[in-house]
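Colleague: Before we discuss the packing, please put the model on the screen, and I will ask how each label was reached.

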Amino acid sequence: MIWQLARGTRIAWAALLPLFAPAAPVQGAAQDPSTSSGQAFPGRPVRMVAAFAPGGSVDVVARLLAQKLSESWGQQVVVDNRPGAGGTVSAEIVARAPNDGHTIYICSASFVVNPSLYGKTLYDPVRDFAPVSLVSLVQNVLVAHPALPAKSVNELVALAKSKPGQINYASTGSGTSGHLVMELFKSMTGIDLVHVPYKVIGQAQADLMGGQVSLWFPTAPGAVPHIQAGRMRALAVAGAKRSSTLPELPTMSEAGVPGFEASTWYALLAPANTPRDIVAKVNGDVARILRQPEVHARLAAMAIEIAGGSPEDLARHIRSEIPKWARVVKLSGARVD
């Protein structure tokens, strides 16, 4: 699943930002068809609010979409980074924005976790938004220090049960993806691991590779180079399907934890009651962009997988994710306020 990736992947993406700078409006581009209100959409520049700061993975995906949508629509799509409180600041801004389609929102899976994690937010992830499209997925990868005597998930579970409370794991803070995905793993296997939170990804990586901590559930983009170099032992990926970047790794479900699924996802939403024809247009244009070989190649190079789907698919996904992660937050006792 999750969320707050800007903490951990900002450095990796910074060098790539020039590739995804929003393009200038296309001169002479055809006008979009009229909406049910009788006004052409988009009739002016569109603001794409991004949940995290420039340089993070959400921002990189946002800028790629903004570039392609600008080319398609003949109107500038401007990325407006609004970081803060794990994505709650940006969500609250979009929830209060006009619902004419000229404000859209790209968020991570923290969108559905924050109401449970923070205890109180000024937005409701179902009531205050119109789902547009799931955009992409990033796999979380269960990794271990090479010296840990467990070469599979089943061996890890057996080892942890033989040493309750003696094996530790890293994360980049309470409520982040590495924390909650590992807590989901603990709850589904009945094992007892000790949480060691870090403030920055670099220190977590260093201590995992140095053996100060034994386990971690990072996202694939930052972990793949260390896995390939043998500095981390990868045991499984957390998604429902195998990773195209690490195809040899089983999913957690294949590895012995049936039903486990916890991908980090990015999605597009609009303010509630945005006209359905506008939502359908944005969804269709995004789907066409995601099918472009160039887009697929750019994202695949960063271990980001194409998702897509209808607004209804995203609505169902959001509704299923809310209670799932609320339960994990409750079991873990995680709080950030």
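Colleague: Which residues in H4 are buried?

Modeller: This is a predicted model, in which local features need pLDDT of at least 70, side-chain atom pairs count only at pLDDT 80 or more, and totals for chains, interfaces and linings use all residues. Residues are numbered from 1 along each chain as its sequence is written, and side-chain values use heavy atoms, with hydrogens and water left out. In H4, the buried residues are Ser 110, Phe 111, Val 112, Val 113, Asn 114, Ser 116 and Leu 117; the helix label comes from DSSP runs numbered from the N terminus (H or I, at least four residues, for helices; E, at least two, for strands).

Colleague: Why is Ser 116 called buried?

Modeller: Buried means under 20% relative accessible area, exposed over 50%, and partly exposed in between, with a 1.4 Å probe and protein chains only. Ser 116 has 18% relative accessibility and therefore counts as buried. Its place is in helix H4 (residues 110–117), and, leaving aside neighbours within four places in sequence, Ser 116 is in contact (heavy atoms within 4.5 Å) with Ala 326, Val 329 and Arg 335.

Colleague: What covers the buried residues of H4?

Modeller: The cover includes helix H3 (88–95), strands E3 (103–108), E4 (129–138) and E10 (264–271), and also H6 and H11.

Colleague: Why are H6 and H11 called roughly perpendicular?

Modeller: The axes of H6 (residues 177–189) and H11 (residues 311–332) cross at roughly 85° and come within 9 Å, where axes are lines fitted to C-alpha atoms, for helices over the stretch in contact, and angles run from 0 to 180 degrees between N-to-C directions. Angles under 35 degrees count as roughly parallel, over 145 as roughly antiparallel, 65 to 115 as roughly perpendicular and the rest as oblique, so H6 and H11 are roughly perpendicular to each other. On the H6 side the contact includes Leu 180 and Leu 184, and on the H11 side Trp 325 and Val 328.

Colleague: What makes a set of residues a nonpolar core, and which helix gives the most to the largest one?

Modeller: Such a core is a set of buried Ala, Val, Leu, Ile, Met, Phe, Trp, Tyr and Cys residues joined through side-chain atoms within 4.5 Å. The largest has 87 residues, and those with the most contacts inside it are Tyr 105, Phe 111, Val 153, Phe 185 and Phe 260. Helix H2 (residues 57–73) gives the most to this core, with nine residues.

Colleague: How many residues of H2 are buried?

Modeller: In H2, 15 of the 17 residues are buried, and the helix is thus described as mostly covered.
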